Amino acid sequence: MNRPLSPREVARGVPLVDDRLLLELLNDLHTADDLVRATAREGFFARLLGQITGRRHKQDLAVTGALVGAQRDTLAWLSSLTARLAVTDLIVAEVTDEVARVREDVKELDSRLGWAEGDIRELALVLAELAEQTGRGLAEHDERLRKVESRLAIDDAVRRWRHPRPDPGLGRLFGAVLLAREVAAGPAGLFSDTERGAQVEQELVDRMLQDPPIPWYDGVRSVTGLLAEATRHLPGDDHRAMLAELLGEGLREELTGARGPLSTALSTAAATTVRGADPDAVARTALRGAVRNGTRYVAASLTAEELLRQVVGEQFAEAAARRSRLQKARSVS
């Protein structure tokens with residue numbers, strides 16, 4: 001039986017929800033053409049964003065109504081993130097970068113869209129304030145402070161993984177992936193990119209092995225079986241859709257191209273199982289499509305430590321690639 005999701009409860013239990021909502025905002029603001037059309041999407045986070053901001057995406061919304069009608073509530077929600085320090089530095093940087101690009105596109109449009117430029121300028125100011133007040137942008141920090149922030153971030157994430165309150169019911173494997181994703185996108189991930197941060201990934205793996213949720217994996221497990229078990233035991237289709245989107249489904253290629261093979265397979269399996277397919281068959285197909293030779297190789301069976309190394313390594317590599325993309329884009333502009 002599918003257990004319905006309470007958006008407010010999910011937002012409390014899964015820290016990355018606020019990150020994905022900001023990225024969902026980018027799906028509205030990606031280009032000036034998106035601003036004109038404001039087309040509806042039906043993904044989980046499109047619906048969740050609609051509930052949180054008061055906006056409901058409908059196919060028959062007029063262009064002006066789609067943007068102007070949501071602007072005030074969207075800005076109020078963004079401002080609340082500042083007070084709660086609820087988003088990771090990587091997401092703030094990516095959203096701010098995209099908003100800046102949208103502003104440039106809007107400036108080149110016909111005068112009939114002049115009203116949009118003012119709204120985007122206000123949105124950019126709110127995001128800039130968010131990045132400044134959270135102190136988690138891509139600016140240089142003192143190295144020792146970065147190390148302290150890194151350890152605090154790992155401590156906090158592992159503690160919540162071991163004792164989630166409220167428990168979002170995501171299971172062991174998805175919980176581990178989201179924990180690693182959260183840590184990689186925050187201060188610990190940023191510190192790991194420095195010369196003195198080389199041990200951050202191993203530190204996270206060690207902490208997760210020392211204090212795992214109960215029950216945890218024993219012995220050697222089939223990766224296909226782990227994927228099937230993870231998707232089969234989720235409470236409902238809303239959870240599957242949410243997890244698929246948290247791992248990148250529905251985002252543009254430049255934001256998902258660096259995903260690792262296990263993350264890709266998990267996302268695909270969660271999204272496909274929504275449609276009622278057999279979890280075992282879906283897991284085999286998803287893994288076959290995601291795993292290749294070279295850097296995308298994943299062994300058919302893994303121990304608990306090998307599984308966590310794979311999970312953590314993929315999330316940190318993806319976060320590093322996204323930071324690199326941002327830095328290159330800024331060096332060109």
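In this predicted model, the cover over the buried residues of helix 16 includes helix 12 (223–232) and helix 15. The buried set of helix 16 consists of Pro 279, Val 282, Ala 283, Ala 286, Leu 287 and Ala 290, and because these residues fall within an arc of 125° when viewed down the helix axis, they line one face of the helix. An α-helix has 3.6 residues a turn, so residues three or four places apart point the same way. Helix 16 itself, which comprises twelve residues (279–290), reaches 16 Å from its first C-alpha to its last, close to the 16 Å expected at 1.5 Å a residue.

Helix 15 (residues 261–273) also packs against helix 17 (residues 304–332), their axes coming within 8 Å and crossing at roughly 90°, which means that helix 15 is roughly perpendicular to helix 17. On the side of helix 15 the contact is formed by Pro 261, Leu 262 and Ser 263, and on that of helix 17 by Leu 307, Gln 310, Val 311, Glu 314 and Gln 315. Sorted by class, the residues in this contact of helix 15 with helix 17 are four nonpolar, three polar and one charged.

Elsewhere in the chain, Gly 186 is placed in the loop between helix 9 (172–184) and helix 10 (187–192). The relative accessibility of Gly 186 is 4%, and the residue therefore counts as buried, the cut-off for that class being under 20%. Although Gly 186 and Glu 149 are separated by 37 residues in sequence, their C-alpha atoms are 9.1 Å apart in space.

Conventions: Residues are numbered from 1 along each chain as its sequence is written. This is a predicted model: local features need pLDDT of at least 70, side-chain atom pairs count only at pLDDT 80 or more; totals for chains, interfaces and linings use all residues. Side-chain values use heavy atoms; hydrogens and water are left out. Axes are lines fitted to C-alpha atoms, for helices over the stretch in contact, and angles run from 0 to 180 degrees between N-to-C directions. Helices (H or I, at least four residues) and strands (E, at least two) are DSSP runs, numbered from the N terminus. Angles under 35 degrees count as roughly parallel, over 145 as roughly antiparallel, 65 to 115 as roughly perpendicular and the rest as oblique. Contact means heavy atoms within 4.5 Å. Ala, Val, Leu, Ile, Met, Phe, Trp, Tyr, Cys and Pro count as nonpolar, Asp, Glu, Lys and Arg as charged, and the others, Gly among them, as polar. The expected span of a helix is 1.5 Å times one less than its number of residues. Buried means under 20% relative accessible area, exposed over 50%, partly exposed in between (1.4 Å probe, protein chains only). The arc is that of the directions from the helix axis to the C-beta atoms.
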